[in-house]
Amino acid sequence: MKDLETYKSIIRPFLGEKRFYHSVCVSEAAVELAKKYGANEEKAAVAGILHDIMKDTPSDEQLKMMTRYDIILSDVERRAPKLWHAILGEAYLEQELKISDHDILDAVRYHTTARANMSLLEKVLFIADFISADRDYTGVENMRRAAKVSLEEAMVEGLTFNIKDLASGYKPIHPDTISAYNQVVVMYKS
Ligand code: DGI
Ligand code: FE
Ligand code: FE
């Protein structure tokens, strides 16, 4: 694994100004959460800086790259282009950047949908993406409060926010998102 500054310069040409700044902010937020909740800080920083590496790549290019990496999309995934950057991101990091650390690869892969049985680092990145310094959506203060309470509280709030938002626009909800939601809600809210 290379150091954070090297990965910062690797992602720079892939991303616009705003997305690059977002990635730096998510990396910093992930380190803060890692410190608070005992995850590996170096892995949190790297996962944060790399998590959206494919986000500014045009959809048609993302599709071509996914074919190249033999990625087969489910029906829901095919209909939800916003999920592609996480799926493709993992493959790109593994195949091209030669990252072999599965904590980091999984954190990037599941940073958008989440899933059941997430690792500490997966949760840290998922939540860091919600509360990074560049975020200003309605409800961000509630998410920042929840992240101070516990990772589980933040997961419940984040997943509930996502599912409400998706359903209100009649968007398909990925089965991993539903599984993650059911698990945290059953464990921590009932
Ligand atoms: O890449 P970011 O914008 O930083 O954040 P992200 O990777 O969490 O992407 C958020 C987008 O992904 C947002 O527009 C909602 C969408 N999304 C998240 N979960 C699902 C989803 N879209 C669909 N269709 N289904 C999901 O389960
Ligand atoms: Fe993302
Ligand atoms: Fe992001």
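**Aromatic pairs in a predicted model**

This predicted model holds five aromatic pairs.

Reader: Which geometry does the pair of phenylalanine 14 and tyrosine 92 have?
Author: Happy to walk through it. The ring centres of phenylalanine 14 and tyrosine 92 are 5.4 Å apart, and their planes stand at 75 degrees. Planes over 60 degrees apart count as edge-to-face. The pair is therefore edge-to-face.

Reader: How many residues apart in sequence are the parts that this pair ties together?
Author: Phenylalanine 14 belongs to the loop between helix 1 (4–11) and helix 2 (17–37). Tyrosine 92 belongs to helix 6 (residues 84–95), so the pair ties together parts separated in sequence by 78 residues.

Reader: Which helix holds phenylalanine 161?
Author: Good one to look up in the structure. Phenylalanine 161 forms an edge-to-face pair with phenylalanine 130, at 6.1 Å centre to centre and 85 degrees between the planes. Phenylalanine 130 is in helix 8 (residues 120–131), and its partner, 31 residues away, is in helix 10 (residues 151–168).

Reader: What ring does the charged end of arginine 12 sit over?
Author: The charged end of arginine 12 lies 4.5 Å from the centre of that ring. The ring belongs to phenylalanine 20.

Conventions:
Residues are numbered from 1 along each chain as its sequence is written. Chains are lettered from A and ligands numbered from 1 in the order in which they are written. This is a predicted model: local features need pLDDT of at least 70, side-chain atom pairs count only at pLDDT 80 or more; totals for chains, interfaces and linings use all residues. Side-chain values use heavy atoms; hydrogens and water are left out. Rings of Phe, Tyr and Trp (its six-membered ring) pair if their centres lie within 6.5 Å; planes under 30 degrees apart count as stacked, over 60 as edge-to-face and the rest as tilted. Helices (H or I, at least four residues) and strands (E, at least two) are DSSP runs, numbered from the N terminus. A charge sits over a ring if NZ of Lys or CZ of Arg is within 6 Å of the ring centre and within 35 degrees of the ring normal.
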